[in-house]
Amino acid sequence: MGDEELFEGDAEIRWQERAAAGQPLEPRVGPVPKGPPKSKPYTHPAAGWGAAKAVTEFLIDEREVVDGTLEMLKMNQEDKGGFDCPGCAWPDTKDLALDLCENGIKHTTWEMTGKRVTREFFAKHTVTSLFDWNDHDLEAEGRLTEPMVYDPETDHYVPISWADAFKLFGDSVRALDSPDQAAYYTSGRLGNEASFLYQLMARELGTNNQPDCANMCTEAGSRAMLAALGTGKGTVDLGDWEAADAVFVVGINAASNAPRMLTPLAQLYREGKKIVHINPQIEAGATRTIIPHDILAMATFHATPTSNLNIQPRSAGDMALMRGIAKATLDMAGNDEHAIDRQFLERHTEGFEEYRRVVEATSWDEIVHQSGVAKEDILKAAAIYREADRSIITWGLGVNQHEHAVDTIREIVNVLLLRGNLGREGAGAAPNRGHSNVQGNRTCGITNAPTPEFLDKLAEVCGIDPPREEGLDVVGTIEAMDRGDIKVFVGMAGNFALASPDTRFTYASLRKVDLTVYVSTKLNRSHLVHGMRALILPCLGRTEKDVQRGTPQRISVEDGDSMVHLSQGNQHPASPQLLSEPAIIAGLARAALPDSKTPWEWYVEDYDRIRDTMADALYGFEDFNRRVRLPMGFRIKQPARELVFLTPSGRAEFSHAPLPDVVPRDGRLVLGAMRSHDQWNTTIYTDNDRYRGIHNLRTLVFMNGDDMRERGLEEFQPTLITAYAKDGTQRTLKGFLAVKHDIPRGVAAGYMPELNQLISISDYSTQSDQPLMKQLNVTIEQDT
């Protein structure tokens, strides 16, 4: 079809007919539906009895009623010898005996399953036949039990010893013409100790090719914060949430992506504080909630509102909305001397006067047009901001995954600076981290663009000569695979093939690699989209005991508030052949670096030894082993929180970017890919999305009712979605069902990873290099 690719879709309503007709199909992600698709608005409170019911059903389905229930008492209770939830990075609290949520329990139970993927399973199924399985069923087979290697002659994975697996990797790496012909990916699940060893191995091997999941989800926020404040991390902690007068939640579906956020939101509302949610969709977490550990509320079905104001901007309209809040705030300052904090601006900021001129030159007509929000609603938000002495602004992927996300987040910081909402209790910038240790990975050196200071210290402490050239990120790695420039690819946790953009391009690129190595707990799509040679290396899960030389070990993680704490599993390993992630990395490193002076085996014998080296090499980890054993661990110092700004000017920097044009043209819509409620990253539990009222359906497109009528679309009618890429190519998905939804005109949404195949490898932000998961330029029409 020339520059246009047509993907036969996964529409549930026609799945069985297509299968019966023998038509070629892309593998499904979710399970085959149990009935016809349904859509009914969810009117119940978030969490509460709905979550309790869902958790109970899930525990029963996974046959983990007893063990799963007992694990709830240990989740996020690290100071009592428990384990850190492998889900989101919301900070833990010492005040709750049950500091957990529905998604965390599902995530943990999914890992604890009694099902096993053994050598007999692989002997029974060829890789080609497994590729046709849906992704839900692949993971539902259970835990991997021993290392496997791909046999191209039989198209099966077959057992391999750990020693031979390490040797295969080592031989492959040493045979490369350049160390930059290898890439080392990690997801946010990896603990701090393993992250440090992993980046050390890659750099001792001679490359900074260290793509990570942050390249796809949080890169924009890190770059924006670094430029504005001199830190890539947030400036608030849980105590600030308790002390805030107002919280602005931007681009976050709290009930699904950070469910434990509902606890402070409900408490703020009860105390008369203000909460503003800014999101194209009004999610369940932006309405009301019953916190499950609030026994009285559960017993009386008493729900607490979680919002005073809900604003629905167009997709990518957040920057214009924030500019409107800034404009209203500056307008107030003409008659209200306390509307802005002049003393703070004079002492601690750079570029305020130029920013004021930029705001004054931005008309209300442009702000309303680009944001898609009426002026009166923007003024309501601005009034809440003005009346609050202390405000927090938190944002998530709904902000990060746009073309101009860096400018947008810098505009958020601009708004905070106007009223001095930094460096004091109850105020600050709070990027929401989606995965358990994605922030800790970066702190420990997982990045393709390390600073000279970090490399200098690493060289001094570890005695290596690390490379200085910037390495490849996720998009760059996929493109390099396609060119044949990457010969070895290691995926440390995660599901790289399914999580990445441009599904077909990514799949084809991975298959050009000489050797792919995946360290995993469960079977997933990435094991079936492999290189000419492939290894599956099974590792311990977060809930399992990690014993080295007869001594139980603990790992550490860093939450989204920069708190570092220990985590200790207590379950028996799913198989005696499982190794910990530090042990696997050490085995790979020794095989690839036989003459290395790094004491890899010595490190793995006692993780305290790794932490001692980290204490010398990493800023903020001084006296690591003592401080991490304190109750709740310790917080890495954030200079910006103390009004120390590591920027060129030594001050917080205002940005002065003009508003981008984000309004779709020529009948096009802006399409965003997101997670359903019954999903965690690429793991799909069911085909339901309770909080959006969806049942038995994943291949859908949410649309505004007027947009549907304009296109002659009825509820559940199949569509053709055509995406127009930056490189001029087109991609069309066929058969996704239209669903009417409360969403602004010109905006559409659906689920990842199904929609990832619409995202061209060229569709990435020039500001952050992140794939444009939330800003696809599409047309939607009837599938005739």
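Val-276 counts as buried, at 0% relative accessibility (buried is under 20% relative accessible area, exposed over 50% and partly exposed in between, with a 1.4 Å probe and protein chains only). The model is predicted: local features need pLDDT of at least 70, side-chain atom pairs count only at pLDDT 80 or more, and totals for chains, interfaces and linings use all residues. Residues are numbered from 1 along each chain as its sequence is written, and side-chain values use heavy atoms, with hydrogens and water left out.

Val-276 is found in strand E10 (strands, E, of at least two residues and helices, H or I, of at least four are DSSP runs, numbered from the N terminus). Leaving out residues up to four places away in sequence, Val-276 touches Val-247, Phe-248, Val-249, Leu-309, Ile-311 and Ile-384; contact means heavy atoms within 4.5 Å. Asn-279 sits in the loop between E10 and strand E11 (288–290). This residue is buried as well, with a relative accessible area of 12%. Its contacts, not counting residues up to four places away in sequence, are Gly-251, Ile-252, Asn-253, Ile-311, Gln-312 and Pro-313.

E10 belongs to an open sheet of five strands, ordered E13-E10-E9-E15-E16, with parallel pairing (two strands pair if DSSP finds at least two bridges between them). Strands E13 (309–311) and E16 (428–431) stand at the edges; each has a single partner strand, so one side of each is left without a neighbour in the sheet. On average, neighbouring strands of this sheet are turned by 15 degrees against each other, direction ignored. Axes are lines fitted to C-alpha atoms, for helices over the stretch in contact, and angles run from 0 to 180 degrees between N-to-C directions. Within the sheet, strand E9 (residues 246–250) pairs with strand E15 (residues 391–395) in the parallel sense over five bridges. Val-249 has Thr-394 in E15 as its bridge partner. Helix H20 (residues 375–387) packs on the sheet and touches E9, strand E10 (274–278), E13 and E15. The direction of H20 makes about 135 degrees with that of E13. Helix H22 (residues 405–418) also packs on the sheet, touching E15 and E16, and its direction makes about 175 degrees with that of E15.

The largest nonpolar core holds 62 residues, of which Tyr-184 and Phe-196 touch the most other members. Such a core is a set of buried Ala, Val, Leu, Ile, Met, Phe, Trp, Tyr and Cys residues joined through side-chain atoms within 4.5 Å. Neighbours within four places in sequence aside, Phe-196 is in contact with Cys-444, Leu-458, Cys-462, Ile-610, Thr-613, Met-614, Ala-617 and Leu-618. Another core, of 57 residues, lies apart from it; Ala-246, Trp-364, Ala-382 and Ile-384 are among its members.

Strand E26 (residues 669–674) is mostly covered, with six of its six residues buried. Leu-669, Leu-671 and Ala-673 point one way from E26, while Val-670, Gly-672 and Met-674 point the other way. E26 is joined to strand E34 (residues 776–782) by three bridges, in the antiparallel sense. Here Leu-669 stands opposite Val-778. Five bridges join E26 to strand E33 (residues 747–751), and these two run parallel. In E33, Ala-749 stands opposite Gly-672. Between Val-276 and Ala-749 there are 473 residues of separation in sequence and 22 Å in space, C-alpha to C-alpha.

Strands E6 (residues 148–151) and E7 (residues 156–159) pair in the antiparallel sense over four bridges. Val-149 stands opposite Val-158 in E7. The two strands form a hairpin with four residues between them, and Asp-155 in the turn has a positive phi of about 60 degrees.

The largest pocket has a volume of about 1200 Å³. Of its 32 lining residues, Leu-226, Gly-232, Arg-442, Thr-443 and Thr-451 are the closest to its centre. Helices H11 (219–229), H23 (438–443) and H24 (452–462) each supply at least two residues of this lining. The structure also holds ten cavities of 30 Å³ or more. The second largest cavity has a volume of about 210 Å³. On a 1 Å grid over the protein atoms alone, a cavity is a set of points where a 1.4 Å probe fits but cannot get out; a pocket is an open set with protein on both sides within 12 Å along at least five of seven lines, and lining residues have an atom within 4 Å of a point. Grid points are joined across faces, edges and corners, and a volume is the space filled by probe spheres set on the points.
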